[in-house]
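Hi,

Here is the structure I said I would pass on. Have a look at it first, and then read my notes below.

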Amino acid sequence: RAFNFNAGPSALPLEVLQKAQAELVDFQGTGMSVMELSHRSATFEAVHNEAIARLRKLFEIPENYEVLFLQGGASLQFTMIPMNFLQEGKKASYIQTGAWSEKAFKEAKFFGTPVEAASTKENNYKNIPAIENINIDPEAAYVHLTSNNTIFGTQWKTFPTTGDIPLIADMSSDILSKKVDVSNFSMIYAGAQKNLGPSGVTVVIARKDLLEKANTNIPTMLQYATHVKNNSLYNTPPTFGIYMLGEVLKWVEEQGGLDVIEKRNEEKAAYIYDVIDNSNGFYYGHATEDSRSLMNITFRVADEELEKKFLAEAKEAGFVGLNGHRSVGGCRASAYNSVPVEACKALADFMVKFQQDNQ
Ligand code: PLP
């Protein structure tokens with residue numbers, strides 16, 4: 001197996017892939033693949049409902065929240081959120097911490113007036129704003145934030161509380177990497193392709209009282225109400241993706257749940273950040289220390305020529321996906337849940353050796 005540090009789609013647990021392989025042509029004695037089952041069959045419905053139940057249990061989702069499996073990626077949520085919850089002439093507060101927040105903001109302009117509650121753009125998104133620097137518009141229909149900034153490598157450590165104003169979070173790149181108090185949010189959404197499974201499924205966790213306020217005067221597929229009413233089975237769902245999501249959730253349970261996963265993620269990221277911090281400036285991180293992401297570790301090799309050499313040699317050595325996002329450059333190691341400790345340790349060792357050989 002490659003040392004896969006891709007930012008998304010990213011590594012999946014080997015055990016899950018092996019199970020899927022074993023079940024591929026005959027799922028539970030049906031004589032067919034899970035992909036060939038009718039989405040209306042009892043067998044598939046059990047897969048679907050079990051995945052929802054597992055997510056509810058693992059992420060400790062309270063009863064007054066719906067769990068939806070949608071399509072269109074987190075990017076369609078950028079649109080559906082304002083389409084459902086923001087009316088023309090009304091404002092919504094957006095906390096700008098990176099490229100994905102900007103994209104969410106842009107979509108809101110089609111429906112109402114997004115306003116910036118804070119932005120760290122001037123600092124090239126190196127940090128998460130301090131809670132006291134966030135100015136939420138008291139009339140905002142909701143507040144939107146991105147919990148982990150995949151491209152810049154920053155992550156919220158504590159979230160703001162927004163009182164009666166619904167807080168909505170894009171958790172695409174750190175959902176299920178640690179425990180989160182779901183009740184602090186009115187809605188959480190995430191494309192599955194990083195910590196949850198393959199691409200194609202988008203998880204939406206939303207409080208029922210927020211969903212009740214959603215606009216119903218919009219196209220059917222774009223109404224949350226449609227998917228709530230139909231248990232996310234209004235149209236043909238991405239059945240294989242939902243099956244895989246269920247298997248990944250089972251894997252997380254088998255690892256010991258989110259406490260174990262969080263500790264492991266801390267340990268993994270520490271291997272790499274420690275090398276950066278002890279390199280005497282040979283490597284430097286993009287994110288400020290207090291905002292560092294455990295999921296996406298963004299760094300540079302101080303010497304630009306050496307950085308090219310580093311990336312080429314790392315690729316040669318079997319490390320995949322270390323090039324930074326095209327908009328930022330440099331290097332990025334994405335260490336999502338499924339990336340094993342050994343991969344991070346191997347990368348840390350490689351970085352130390354590269355510095356020794358090239359200093
Ligand atoms: N939000 C974040 C934080 C992301 O990292 C990504 C993709 O990498 C997206 C949104 C977009 O997700 P999708 O490709 O599922 O639309």
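Let's start with the ligand. The residues around it are Gly8, Gly73, Ala74, Ser75, Trp100, Thr146, Thr150, Asp170, Ser172, Ser173 and Gly191; a residue counts as near a molecule if its C-beta atom, placed from the backbone, lies within 6 Å of it. That shell is made up of two nonpolar, eight polar and one charged residue. Here Ala, Val, Leu, Ile, Met, Phe, Trp, Tyr, Cys and Pro count as nonpolar, Asp, Glu, Lys and Arg as charged, and the others, Gly among them, as polar. Helix α3 gives the most to the shell, with three residues.

Before going further, please keep in mind that this is a predicted model: local features need pLDDT of at least 70, side-chain atom pairs count only at pLDDT 80 or more, and totals for chains, interfaces and linings use all residues. Residues are numbered from 1 along each chain as its sequence is written.

Now for the annotations. An unreviewed UniProt entry lists Ala74, Ser75, Trp100, Thr150, Asp170, Gln193, Asn235 and Thr236 under "binding site". They spread over 163 residues of sequence and also in space, up to 30.5 Å between C-alpha atoms. UniProt positions are given in the numbering used here, feature names are shortened, and annotations may be inferred rather than shown by experiment.

Ser75 is in α3 (residues 73-85), and Trp100 is in α4 (residues 99-108). Helices (H or I, at least four residues) and strands (E, at least two) are DSSP runs, numbered from the N terminus. Ser75 counts as partly exposed because it has 16 C-beta neighbours inside 10 Å, while Trp100 has 21 and so counts as buried. The cut-offs are 20 or more other C-beta atoms within 10 Å for buried, 12 or fewer for exposed, and partly exposed in between, with C-beta atoms placed from the backbone.

Leaving out residues up to four places away in sequence, Trp100 touches Thr146, Asn149, Thr150 and Asp170 (contact means C-beta atoms, placed from the backbone, within 7 Å).

Which residue carries the feature "modified residue: N6-(pyridoxal phosphate)lysine" in UniProt? The unreviewed entry puts that feature at Lys194. Lys194 lies in the loop between β9 (187-191) and β10 (202-207), and counts as buried because it has 30 C-beta neighbours inside 10 Å. Beyond four places in sequence, Lys194 touches Gly8, Ser10, Ser172, Ser173 and Tyr336.

Technical notes. Contact = placed C-beta atoms within 7 Å.
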